[in-house]
Amino acid sequence: MKRTLGVCYYPEHWPEAQWAEDAARMAALGLTWVRIGEFAWSRMEPTPGTYDWAWLDRAIATLGDHGLKVVLGTPTATPPRWMLDRHPDMLALDKDGKPRGFGSRRHYCFSHRGYRGECAKIVSTMAERYGKSPHVAAWQTDNEYACHATTLSYSKAATEAFRDWLAQRYQSPDALNRAWGNVFWSMEYTDFDDIGLPNLTVTEPNPSHVMDFRRFASDEVVSFNRLQTEIIRRHSPAPIAHNYMGAVTEFDHFATGTDLDIASWDSYPLGFLSDRIPADAEHKRRFVRQGDPDFQAFHHDLYRAVGRGRWWIMEQQPGPVNWAPYNPDPLPGMARLWAWEAFAHGAEAVCYFRWRQAPFAQEQMHAGLLRPDSAPAQAFGEAGQVAEELAEMPDVETAPAKLALVFDYASDWAWEIQPQGRSFSYFWLVFHFYKGLRRLGLNVDILPPDTADLSGYKLVLAPGLFTLSDPLKAALAAHKGTAILGPRTNSKTADFSIPVPLPPNLPGLDARVIRVESLPPDVPVPLVQGGALVNWREKLEGTATVTEVAEDGWPALMSSGKLHYLAGWPDDAALARILARACADEGIETEALPEGLRRRDTATRRFMFNYNAVPVEWAGVSIPAAGVHWADL
Ligand code: GAL
């Protein structure tokens, strides 16, 4: 497949006289795609029901005339000010019941039916007008659902929609009371209309209540998105994408993914390292201008799964961003490395954010491919280099991995609701396993939690799954390879109770979690074979084989044949040993890579990515600082 580059562009930010020159420069740089439109509602519909499409017609024509393909975004992340006059209660309310006001973006409640009606109208009007445009070759719905913590709303609209959702799920208040265990603290309800949202309680609300609210809120995003995809599909044959944001897990991306043709995500490696990755100071210093060496790859593999094979980078960091605690300048080479890493993981397209740095408003400190004065910024030349390289090497085909890691959004909600210890996070537990695999030079596939067929994989890892779905349980039972589950896997019922028989309750593995403890990060539980369990450990009883044991005598890994249960969060050393042994058992070749050097095999080539600020010698080649190396396999 031919991989392509693109850019995010805001014609409404620039004088029209500049558009043609911009388009010519984009084409000359070797770009294919231009994403536009996603924040331009106030220019598309300046007053309610009065549309102005003429400027957008001309912008699309200008781009198209220069041979560029347009990704047209629906503008529903930025309702204009007049919308509030029509729907004063459309704003989301925060946990304290305060409205999240106008003056930035994403100021809407997913449950507000009036706002959904307005979205349906603008999307229909756009889809009718541009659905057959020869230049609109893809669509994007909204922009980064959930970004800025916008999934949960404690509004009246959300309360009413939640009650309906509960009534459908449980049918009777009695059934809900039983499922939630509402006899505890006299929390029983006699009417669905008495049920509120799980905020403003005196102490913690019932975890079952919160879990259902999280499921409901995720379903609201899914139906909000579906409203748009159904309309677009009626008018346009072009594929539809949404741009997800890194480490944002507030809704189930696999569920929205089934209504989309392409998954895409917005990759800001330096912003993420500074803002959201829980690494120590030394790691943050070492990779400050390069980003974490695994964070991007994890998302590439995740979105390959969410998009069922089809995925893009819709926004790629080109230089300093404006929104993280610190906003360093990427090392020369990183804007090229990030793009190649995405292609090696199967991205069909990588679009840089944004074409020209805007001198005004919130993101005036955010770099683009061009400076505010239209001169090329650093990433401009790197994007051009990638375009030339792609022209010479168009066939970057992904190869299936031998091993897989299960990722489940609902488990992230569950353990956020009930971490039981400050240092337990599902997302970072899974990411820790991913890092462990990448350090061994392995390609990883990520799988959704309802995967029904594991036959392609020799090794499957499923840490921290709240419940085991029936399809996955059956697939594990039929699996011929090695599987490592735990910690916390299958430790709750779907209603959020402790199941009996006690977890993990895996057929064929006689091991039971009889007690758990959470620990401060500086209190490890040393293992006899080296390394330790950290953050979280479980005490197991049962007759399964004890494969790893803690110095205090409790089992750390219990096994029956190729099925293993891990009784805690392994530190780097313990994880490396456990993974290397599992790979050796399955005949999967591993290679312990130096820090910051990562590898990815495609069907025909081996790519090496050097995230270090210094060159690295490896396997007889020198890979430059912030550099990429590839060779035929
Ligand atoms: C993304 C967003 C863009 C822009 C960018 C800045 O999260 O989708 O609109 O704000 O961040 O880095």
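A polar contact is a pair of N or O atoms within 3.5 Å. The close-ups below come from a predicted model.

View 1. For Arg105, a side-chain N or O atom is 2.8 Å from a ligand oxygen. For Asn143, a polar side-chain atom lies 2.9 Å from an oxygen atom of the ligand. Taken alone, the ligand exposes 310 Å². The protein buries 98% of that area.

**View 2. A shell of residues surrounds the ligand.** Which residues form it? Among them are Phe39, Glu144, Met245, Asp266, Tyr268 and Glu315. Trp323, Phe353 and Glu363 also belong to the surroundings. So do Arg105, Asn143 and His366. The shell divides into 5 nonpolar, 2 polar and 5 charged residues.

**View 3. Helix H1 has a buried side.** H1 covers residues 19-29. Its buried residues are Trp19, Asp22, Ala23, Met26 and Leu29. Why do they share one side of H1? They cover an arc of only 125° around the axis, so they fall on the same side of the helix. The face turned away from that buried side carries Glu21 and Ala28, which are exposed.

View 4. H8 runs through residues 207-235, 29 residues in total. From first C-alpha to last, H8 reaches 43 Å, close to the expected 42 Å. Of its 29 residues, 21 are buried. Asn206 caps the N-terminal end of H8. A side-chain oxygen of Asn206 lies 3.0 Å from the backbone nitrogen of Ser208.

Notes. Residues numbered from 1 in each chain as written. Predicted model: local features only at pLDDT ≥ 70, side-chain atom pairs only at ≥ 80, totals over all residues. Heavy atoms only, no water. Helix = DSSP H or I, 4+ residues; strand = E, 2+ residues; numbered from the N terminus. Expected span 1.5 Å × (residues − 1). Buried < 20%, exposed > 50% of the residue type's maximum accessible area, 1.4 Å probe, protein only. Polar contact = N/O pair within 3.5 Å; in protein donor to acceptor, adjacent residues only side chain to side chain. Near = heavy atom within 4 Å. Areas by Shrake-Rupley, 256 points an atom, 1.4 Å probe, with all protein chains shown as cover. Nonpolar A, V, L, I, M, F, W, Y, C, P; charged D, E, K, R; others polar. Arc of directions from axis to C-beta.
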